[in-house]
Amino acid sequence: MERMLVISDIHGELVKFERLLEMACYDANRDQLLLLGDYIDRGPHSREVIAKVRELQQVGAIVLMGNHEKMMLDAYRNKEKAVERWFRNGAKQTLLSYGYAEDEATGRPAAIRWTGELLDVISFVDKLPYYYETDEYIFVHAGVEPGMPLAACDPHKLLWIRGEFHKGYSGPKTVIFGHSPAKLLHGSDEVYFGANSIIGIDGGCVYGGRLNCLELPSRHIYYVE
């Protein structure tokens with residue numbers, strides 16, 4: 001593979017996602033695509049983004065779990081307060097994209113019909129890995145626990161960690177992550193290059209920011225607004 005292309009936090013923004021792949025001239029035969037999670041919720045086209053991600057996985061993309069996919073899984077398993085948490089974070093837009101009526105997307109557990117199509121999505125996301133590692137890089141949705149071997153990190157933290165990782169990481173490999181909008185890290189939607197070998201690529205796309213694509217090893221950035 002000549003290049004690695006890394007994208008995170010698409011959040012149902014299908015048009016921007018497709019434009020970004022086109023802008024980067026993504027070629028599955030030549031490039032390794034890595035998607036770092038949060039394909040669903042908040043944006044308008046979660047269903048279509050999931051379908052696109054699954055197509056890309058079939059031709060070689062590495063697809064990781066995000067905290068929003070995990071919230072959907074937890075809601076399906078009816079974990080305590082999981083449905084409420086998912087709805088606070090954009091579940092309504094996801095269910096509407098799958099054809100639910102407004103009164104079915106209210107956040108009440110009994111109102112979620114786990115249709116065959118959604119159960120198929122559950123089966124897909126349930127198999128997604130939490131991280132991907134190479135000789136030089138760690139790819140993960142939110143970050144890693146500083147000082148902890150990657151395989152021993154708490155899976156919950158891999159999807160949710162913020163400041164402890166942003167300020168405390170000092171490992172030998174560069175960590176590429178999403179989850180925390182770059183604007184929170186350095187006041188800009190541009191990709192964040194931390195002095196401690198961390199690279200934050202979440203440009204806050206669903207909040208009107210950017211959808212970023214990091215090309216490696218060149219560190220060239222493609223983005224759509």
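Are Trp86 and Phe87 buried or exposed? Select the two and take a look: Trp86 is buried, and Phe87 is buried too. Keep in mind as you go that this is a predicted model.

**Stop one: the rings**

Stay on Trp86 and Phe87 and show their side chains. Their rings make an edge-to-face aromatic pair, with 5.9 Å from centre to centre and 70° between the planes. Ring pairs tie Tyr76, Trp86, Phe87 and Trp114 together into a cluster. Across the model, the count of aromatic pairs comes to seven.

For another of these pairs, jump to Tyr132 and Phe139. The ring centres sit 6.2 Å apart with the planes at 35°, so this pair is tilted. Check the surroundings of each partner as well. Phe139 has a relative accessibility of 0% and counts as buried, whereas Tyr132 is partly exposed, at a relative accessible area of 31%.

Go back to Trp86 and show what it touches. Beyond its neighbours within four places in sequence, Trp86 is in contact with Ile40, Asp41, His68, Met71, Met72, Ala75, Ala91, Thr94, Leu95, Ile112 and Trp114.

Next, select Ile7, Phe17, Leu33, Leu35 and Tyr39 along with Trp86. These are the residues with the most contacts inside the largest nonpolar core, which has 45 residues. Colour helix α6, residues 116-126, and you have the element that gives the most to this core, with five residues. Apart from that core lies another one, of 15 residues, including Ile138, Tyr169, Val175 and Ala182. As a bit of background, nonpolar side chains tend to be buried together in soluble globular proteins.

**Stop three: Asp189**

Keep Ala182 in view and select Asp189. You'll find Asp189 in the loop between α9 (182-186) and β7 (192-193). Why does Asp189 count as buried? Its relative accessible area is 18%, and buried means under 20%, so Asp189 falls on the buried side. Setting aside neighbours within four places in sequence, Asp189 has contacts with Ala182, Lys183, Gly203, Gly209, Arg210 and Asn212.

**Stop four: arginines over rings**

Arg210, one of those contacts of Asp189, is your way to the next selection. To finish, select Arg113 and Tyr100. Here Arg113 lies over the face of Tyr100, at 4.8 Å from the ring centre.

Methods: Residues are numbered from 1 along each chain as its sequence is written. This is a predicted model: local features need pLDDT of at least 70, side-chain atom pairs count only at pLDDT 80 or more; totals for chains, interfaces and linings use all residues. Side-chain values use heavy atoms; hydrogens and water are left out. Helices (H or I, at least four residues) and strands (E, at least two) are DSSP runs, numbered from the N terminus. Buried means under 20% relative accessible area, exposed over 50%, partly exposed in between (1.4 Å probe, protein chains only). Contact means heavy atoms within 4.5 Å. Rings of Phe, Tyr and Trp (its six-membered ring) pair if their centres lie within 6.5 Å; planes under 30 degrees apart count as stacked, over 60 as edge-to-face and the rest as tilted. A charge sits over a ring if NZ of Lys or CZ of Arg is within 6 Å of the ring centre and within 35 degrees of the ring normal. A nonpolar core is a set of buried Ala, Val, Leu, Ile, Met, Phe, Trp, Tyr and Cys residues joined through side-chain atoms within 4.5 Å.
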